[in-house]
Amino acid sequence: PYTTLFRSVLDALRARGNAVPIILFSGRSDFTTEEFSHHSGVIALLAKPVDAKEMIELIESCLSQKAAA
């Protein structure tokens, strides 16, 4: 399933020292997806269709936290 592929990509990024914030967009809004995103270090899980304003605010928040670090 996609969670296995996503976990492989995320693990490869982290192994290379890449701590880029991850926002997951999913058409599935079930407990398994929410649990997976929570335990994999995803900063947000946005259900499709994504609210553009919410997405922009989330990205701006990530960028401002990165700039402050």
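Mentor: Phe 6 counts as buried because its relative accessibility is 18%, where buried means under 20% relative accessible area, exposed over 50% and partly exposed in between, with a 1.4 Å probe and protein chains only. The model is predicted, so local features need pLDDT of at least 70 and side-chain atom pairs pLDDT 80 or more, while totals for chains, interfaces and linings use all residues. Residues are numbered from 1 along each chain as its sequence is written, and side-chain values use heavy atoms, without hydrogens and water.

The protein chain has three helices and two strands, in the order α-β-α-β-α from the N terminus. These are DSSP runs numbered from the N terminus: helices are H or I with at least four residues, strands E with at least two. Of the 69 residues in the protein chain, 22% are buried. The C-alpha trace spans about 35 × 30 × 15 Å along its principal axes.

Phe 6 belongs to the largest nonpolar core, whose six residues are Phe 6, Leu 10, Ile 22, Leu 24, Phe 36 and Val 42. Such a core is a set of buried Ala, Val, Leu, Ile, Met, Phe, Trp, Tyr and Cys residues joined through side-chain atoms within 4.5 Å.

Begin with the rings. The structure holds one aromatic pair. Phe 6 and Phe 36 form this pair, with 5.5 Å between centres and 70 degrees between planes, which makes it edge-to-face. Rings of Phe, Tyr and Trp (its six-membered ring) pair if their centres lie within 6.5 Å; planes under 30 degrees apart are stacked, over 60 edge-to-face, and the rest tilted. Phe 6 lies in helix H1 (residues 2-15) and Phe 36 in helix H2, so the pair ties together parts 30 residues apart in sequence. Phe 36 is buried as well, at a relative accessible area of 14%.

Leu 10 is also in helix H1. Its relative accessible area is 3%, so Leu 10 is buried. Leaving out residues up to four places away in sequence, Leu 10 touches Ile 22 and Ser 40, a contact being heavy atoms within 4.5 Å.

Val 42 sits in the loop between helix H2 (31-39) and strand E2 (44-47). With 12% relative accessibility, Val 42 counts as buried. Beyond its neighbours within four places in sequence, Val 42 is in contact with Phe 6, Ile 22, Ile 23, Leu 24 and Ser 37. Leu 24 is 18 residues from Val 42 along the chain, yet their C-alpha atoms are separated by 6.7 Å.

Ser 40 is in the loop between H2 and E2 too. A relative accessible area of 7% means that Ser 40 is buried. Apart from residues up to four places away, Ser 40 touches Phe 6, Arg 7 and Leu 10. The side chain of Ser 40 also makes polar contacts: it reaches the backbone oxygen of Phe 36 at 2.9 Å, and a polar atom of that side chain lies 3.3 Å from the backbone oxygen of Ser 37. A polar contact is a pair of N or O atoms within 3.5 Å; within protein, one must be able to donate a hydrogen and the other to accept it, and residues adjacent in sequence count only if both atoms are side-chain atoms.
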